[in-house]
Amino acid sequence: MAMTTGASGALQSDINVTPMIDVLLVLLIIFMITQPLSRMALDVQVPPPDETVTTKTPPSQIVLELADNGSYSINGQPVPKDQLDTQIHAIYDQRPAKLLFIKAGPNRIYQDVVEAMDVARGAGVQIIGFTPQEASSK
């Protein structure tokens with residue numbers, strides 16, 4: 001703070017803003033340097049785009065399909081919704097690998113997918129994956 005005497009002899013106090021601006025510029029530079037370092041990375045495995053998606057699945061993989069019309073099927077075999085739990089239990093009780101892929105139709109609501117995931121978790125499925133949508137022909 002600078003103290004000056006005016007023409008009338010009274011003291012006047014004025015704030016010297018130069019040091020405050022210097023401090024703010026240093027803080028700005030510190031934040032600009034630390035911001036890119038604070039970003040977290042998320043590892044994601046994405047398949048290469050030029051691979052063709054086949055509808056045939058290996059026999060060891062189980063795919064639960066949720067069609068747009070409200071029907072369910074496991075590896076192409078239609079399953080009523082009320083028997084979905086027993087079918088998944090029958091499949092996964094003797095399997096050591098508890099992996100299920102879910103293929104939902106594009107117009108299927110999110111609640112149906114979550115309910116199917118809950119049924120699968122209740123049947124002992126440990127890993128749930130989602131299959132990508134098939135590329136539309138141009």
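This is a predicted model: local features need pLDDT of at least 70, side-chain atom pairs count only at pLDDT 80 or more; totals for chains, interfaces and linings use all residues.

**Strand pairing.** Residues are numbered from 1 along each chain as its sequence is written, and side-chain values use heavy atoms, with hydrogens and water left out. β6 and β7 (residues 127-130) pair in the parallel sense over 4 bridges. Pairing here requires that DSSP finds at least two bridges between two strands. β3 also runs parallel to β6, joined by 4 bridges. In that pairing I noted Glu65 opposite Lys103 of β6.

**Whole chain.** I then counted elements: the protein chain has 3 helices and 7 strands. Both are DSSP runs numbered from the N terminus (helices H or I, at least four residues; strands E, at least two). Their order along the sequence is β-β-α-β-β-β-α-β-α-β. Of the 138 residues, 18% are buried. Buried means under 20% relative accessible area, exposed over 50%, and partly exposed in between (1.4 Å probe, protein chains only). The chain exposes about 11000 Å², with carbon and sulfur atoms supplying 60% of it. Accessible areas come from the Shrake-Rupley method with a 1.4 Å probe; for residues, only the protein chains shown count as cover. Contact means heavy atoms within 4.5 Å. Among contacts between residues at least 6 apart in sequence, 58% join residues at least 24 apart.

**Core.** Which residues have the most contacts inside the largest nonpolar core? They are Leu64, Ile74 and Leu100, in a core of 18 residues. β3, β4, α2, β6 and α3 each supply at least two residues of this core. α2 gives the largest share, 4 residues. The core is a set of buried Ala, Val, Leu, Ile, Met, Phe, Trp, Tyr and Cys residues joined through side-chain atoms within 4.5 Å. I listed the contacts of Ile74, leaving aside neighbours within four places in sequence; they include Leu64, Val79, Leu84, Ile88 and Ile91.

**Helix α2.** I checked residues 84-92 next. The buried residues of α2 are Leu84, Ile88, Ile91 and Tyr92. They lie on the same side of α2, because they cover an arc of only 85° around the axis. The arc is that of the directions from the helix axis to the C-beta atoms. An α-helix has 3.6 residues a turn, so residues three or four places apart point the same way. The cover over the buried residues of α2 includes β3 (63-66), β4 (72-74), β5 (77-79), β6 and α3.

**Asn75.** Asn75 sits in the loop between β4 and β5. Its phi is near 50°, a positive value in a residue other than glycine. Asn75 is partly exposed, at 34% relative accessible area.

**Arg108.** Is Arg108 buried or exposed? Arg108 counts as buried, because its relative accessibility is 11%. Arg108 lies in the loop between β6 (99-104) and α3 (110-122). Its side chain reaches the backbone oxygen of Ala67 at 2.6 Å. A polar contact of 3.2 Å joins the side chains of Arg108 and Tyr72. A polar contact is a pair of N or O atoms within 3.5 Å; within protein, one must be able to donate a hydrogen and the other to accept it, and residues adjacent in sequence count only if both atoms are side-chain atoms. Not counting residues up to four places away in sequence, Arg108 touches Leu66, Ala67, Asp68, Gly70, Ser71 and Tyr72.
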